[in-house]
Amino acid sequence: MNYEIAIPSYKRSKPLKEKTLSLLTRHNINPDLVTIFVADQEEYDIYTKELKDTPYKKFVVGEVGIGAIRRFTQKYYPEGTYVMNFDDDLQECFKKIDDKTMLPVTNLEEEVILRGFKACEDNGAYLFGIYAAANPMFMKNRIAVGLYYCIGSCWGLINRHDSDLTVLLDDKEDFERSIQHYVKDGKVVRLDDITVKSKYYTEEGGMQVTRTTERILRSAENLVERFPGLCTMYIRETTGHAELRLRDTRKEQPAGSTLDQFFG
C-alpha cells in the first residue's frame with residue numbers, strides 16, 4: 001500500500017524535530033514519504049536550517065492558517081492518494097492494553113497507518129482517525145464505523161478534490177472534516193484503541209498564535225448551523241472552550257428527509 005505523510009507546521013521547527021519527526025524516526029518511517037508544509041518563505045528558511053542535519057528534506061510553502069493549509073494539501077496531492085496527516089508536536093502514539101493500561105505502539109506503520117487505510121478500504125470509507133482522549137478507561141478495542149470525531153492530530157484520508165470535502169474553518173476543522181466525510185460517504189472509520197500524546201491548546205506556535213476562545217466558539221456555532229441533526233455544542237467547564245458532540249439524530253426525522261441540506 002502506497003501512502004504519503006503530510007505534516008503542516010507553523011513556528012514549531014524545533015518541536016517538530018524533537019517530537020513528531022523523532023517519533024517517525026523511531027518507527028523507521030521512510031523520510032522520503034514525509035512532506036512538511038510551512039506557511040511562507042521565511043518559515044521555509046527557518047525549517048530547512050533547523051532540520052538540515054536530518055533526513056527530512058521535503059518542504060513545501062503553503063499558506064498561513066490550519067484551514068488554509070488543509071485546503072492547500074487537498075489540492076496538492078492527486079486524487080486517490082492515501083495521505084496520512086500528523087500534527088507537528090506528537091510525543092508518542094499509544095495502544096490500549098486494558099482499562100488501566102496503554103503502551104506505545106511497536107510499529108506505527110502497521111498498527112496505525114496501514115491498519116487505518118485497510119479499514120477504510122474494507123468499509124467503503126475515505127477518512128480514518130484515532131481516539132481523541134489518551135485514557136484507556138474510555139478507549140475500546142475496536143474499529144468504529146459510522147459518525148465519529150477524527151481528531152486533527154493523527155488521521156488519514158483517501159484524497160478527493162470534491163468541494164464538499166473542503167474545510168472552511170481554522171478551529172474545529174477536524175470536526176468539520178469528520179462530518180463532511182460522514183455526510184458524503186455515510187461513514188468514517190476510527191481506531192478506538194489508538195491515541196496520541198500531544199499538548200493540545202498549550203504548545204507554543206501552531207494554531208495557538210491566532211486561536212482565541214471567541215474564534216473557537218464561532219467555529220462551533222458555525223458547524224451546528226451548517227449541520228443540524230449531526231452535532232450539538234456545549235462549553236467544557238475545565239477550559240471554557242466550546243466543544244461539539246457528534247450524533248446523527250436525523251434518523252428520528254419524518255420519512256422523506258434528505259441529505260441535500262448538508263451540502264450547502
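Biologist: What share of the contacts in the chain with a separation of 6 or more comes from residues 24 or more positions apart?
Modeller: The model is predicted. A contact here means heavy atoms within 4.5 Å. Among contacts in the chain with a separation of 6 or more, the share from residues 24 or more positions apart is 73%.

Biologist: How many helices and strands does the chain have, and what is its radius of gyration?
Modeller: The secondary structure comes to 7 helices and 13 strands. For 264 residues the globule rule gives 18 Å, and the chain is close to that value, so it is as compact as a globular protein of that length. Its radius of gyration is 18 Å.

Biologist: Which helix does H4 pack against with its buried residues?
Modeller: Helix H4 covers residues 66-76, and its buried residues include Ile 66, Ile 69 and Thr 73. The buried residues of H4 pack against strands E1, E2, E4 and E9. They also pack against a helix at 173-185, namely H6.

Biologist: Is the pair of Phe 117 and Phe 128 stacked or edge-to-face?
Modeller: The count comes to 9 aromatic pairs. In this one the ring centres are 5.1 Å apart and the planes are at 85°. Planes over 60 degrees apart count as edge-to-face. The pair is therefore edge-to-face.

Biologist: How many residues apart in sequence are the parts tied together by Tyr 149 and Phe 175?
Modeller: Tyr 149 and Phe 175 form a stacked pair, 3.8 Å centre to centre with 5° between the planes. Tyr 149 lies in the loop between strands E8 and E9 and Phe 175 in helix H6, so the pair ties together parts whose separation in sequence is 26 residues.

Definitions and conventions: Residues are numbered from 1 along each chain as its sequence is written. This is a predicted model: local features need pLDDT of at least 70, side-chain atom pairs count only at pLDDT 80 or more; totals for chains, interfaces and linings use all residues. Side-chain values use heavy atoms; hydrogens and water are left out. Helices (H or I, at least four residues) and strands (E, at least two) are DSSP runs, numbered from the N terminus. The radius of gyration is taken over C-alpha atoms; the globule rule is 2.2 Å times the number of residues to the power 0.38. Buried means under 20% relative accessible area, exposed over 50%, partly exposed in between (1.4 Å probe, protein chains only). Rings of Phe, Tyr and Trp (its six-membered ring) pair if their centres lie within 6.5 Å; planes under 30 degrees apart count as stacked, over 60 as edge-to-face and the rest as tilted.
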